[in-house]
Amino acid sequence: MKNLSARPLFIFEMANNHMGSVEHGLRIVEEMREACRDFPFSFAVKLQYRDLDTFIHPDYRQRYDLKFVKRFSEARLSWDEYRQIKKAIDDSGFVSICTPCDEVSVGRIEEHGFDFIKIPSCYLTDWPLLERIAKSDKPVIASTAGVALEDIDRVVSFFRHREKPFSIMHCVGEYPTRDEHLRLGQIQLLKKRYSDLEVGYSTHESPDNFEAVKIAIGLGATIFEKHVGVPTESIKLNAYSANPDQVRRWLRSAANAYRMYGNDTERYSFTDLEIQTLHDLQRGAFAKRPLNKGDRLAGASVFYAIPNVPSQVIANDMSKYTDFVVTEAVAEGSPLLLGGLQKSDSMSQVLQIVGEVKKMLKRSKVVVPGQCELEISHHYGIEQFDKFGLTMITVVNREYCKKIIVMLPGQTHPEQRHEQKDETFHILFGKVSLSLDGVASDRKSNDVVVIPRGVKHQFTTRTGAVIEEVSSNHNSNDCFYTDATINANKKRKTFVTYWMNGC
């Protein structure tokens, strides 16, 4: 059974290259089957249907001086002959696609059991034809050459409202299309504008151009269409149709592009060689001075250089979220080995805190500027942040200052005072128990509390709270905690940037 959703899908457009001969049409199908053998893609053969007796005006049926009247008339096949080619398409395992050029042909496509209907660029805004196609149960693929974005919008809306499976293809209606007119960047434009639609590439470049398909694959196209044919002594292909050898080279180029493209749904698997090569280039951490048990690794005590040695701390390990404590004395200039250090990493805790802060802001419906830094205060260590601490977003700090304080349920901010600034708390969300110079009071949403300089204040929340703090200029040295061990803790704050989207 055919898998109509299998991708990538490569469409062989026969068009009029059967030249009005059912035998030659069958040969094209057979040679395309051989040309695509062993390639890991899904393949389709496409025909074009025209009810010539109604498609060409009666007064012009003998006007062979008109290019398309002559071409279509000379390539006429009966409906029974088309059925024979359609059967060969099915028997060869191809997906079957057909372009109707009139309403009668849509009925024939339904009668003959094609898998897809393809709308050519010239009929993308043929509304009488679109209305008939929309009544069919066939999924639709449409080309967009020479059609303004506003008109594509209308067609996309038309099929969306009818819940019609619909894909679009970038195409340029020049036969053949010069390289400088391929405009492959339009694939990206279509993907961005219609992000819910599958986007493909219908090609009319020279059949010896095997590079364009690579670019189209890199830009995210998943359906590819090319005019194909089989030349004989009496049949010469046009300048944009590929012969079987050119088709095979086209597919080989596409396969090579996919090998280079790799996977875009998950991170690739790193090879042992890649990992080892990168590790060999990474700088190792060395003692800048003699280090004793209990010392913390910091900028003044460490330098980085190559080569590193096995089990050595490398510069890549030294982030603001990582803390190393020496457990075995290290001589000056010696490598810092993981076995002689105690490591703690707060990254996972920081990410969890950021997530909880976002939830609280969403719950409170308080909007904060995304570019503002998030300050996480963990007065007794990040391990006790759920009991003692808060997060703070500084919106502006000039002669005046505005901050947004976010407290999670169950948190307490230890008692402190300021000697330089006055501050005012506006409770935006939640409930807070606030103590001023030892006198406690319960505060709720929309309460305003003034805290003069010198007044000791402590606050706690059981529900979680969001508080707007407005004050005079804030100086980081103007926080005096009643518990002196907090002031002595130089690592009681963690700052996170770009936290609205990640950190």
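Is glutamate 423 buried or exposed? Glutamate 423 counts as buried, at 2% relative accessibility; buried means under 20% relative accessible area, exposed over 50%, and partly exposed in between, with a 1.4 Å probe and protein chains only. The model is predicted, so local features need pLDDT of at least 70 and side-chain atom pairs count only at pLDDT 80 or more, while totals for chains, interfaces and linings use all residues. Residues are numbered from 1 along each chain as its sequence is written, and side-chain values use heavy atoms, with hydrogens and water left out.

The side chain of glutamate 423 meets that of lysine 421 in a salt bridge, 3.6 Å from N to O. A salt bridge here is a side-chain nitrogen of Lys or Arg within 4 Å of a carboxyl oxygen of Asp or Glu. Lysine 421 is also buried, at 2% relative accessibility. The structure holds 31 salt bridges.

Another of these pairs is arginine 83 with glutamate 111, at 2.9 Å from N to O. Arginine 83 belongs to helix α4 (residues 79-91) and glutamate 111 to helix α5 (residues 103-112), and the two are 28 residues apart, so that the pair links distant parts of the chain. Helices (H or I, at least four residues) and strands (E, at least two) are DSSP runs, numbered from the N terminus. Arginine 83 is partly exposed, with a relative accessible area of 36%, and glutamate 111 is partly exposed at 45%.

Aspartate 323 and arginine 296 also form a salt bridge, at 2.8 Å from N to O. Aspartate 323 lies in strand β11 (residues 322-326), and arginine 296 lies in the loop between β9 (284-287) and β10 (302-305), so the pair ties together parts that are 27 residues apart in sequence. Aspartate 323 counts as buried at 11% relative accessibility, whereas arginine 296 counts as partly exposed at 47%.

Threonine 322 is buried, with a relative accessible area of 14%. Leaving aside residues up to four places away in sequence, threonine 322 touches Asp317, Lys343, Ser344 and Asp345; contact means heavy atoms within 4.5 Å.

Next come two helices that pack together. Two packed helices are described by the angle between their axes and the distance between the axes. Helix α1 (residues 22-35) and helix α10 (residues 244-261) pack at an angle of about 35°, with axes 9 Å apart. Axes are lines fitted to C-alpha atoms, for helices over the stretch in contact, and angles run from 0 to 180 degrees between N-to-C directions. On the α1 side the contact is made by Glu31, Met32, Glu34 and Ala35, and on the α10 side by Pro244, Val247, Arg248 and Leu251.

The last topic is the cysteines. A disulfide is a covalent bond between the sulfur atoms of two cysteines. With a disulfide taken as a pair of cysteine sulfur atoms within 2.5 Å, a search of the whole structure finds zero disulfides. For cysteine 36, the nearest cysteine sulfur is that of cysteine 98, 19 Å away. Cysteine 36 is buried, with a relative accessible area of 8%. For cysteine 401, the nearest cysteine sulfur is that of cysteine 479, 11 Å away. Cysteine 401 counts as buried, at 1% relative accessibility.
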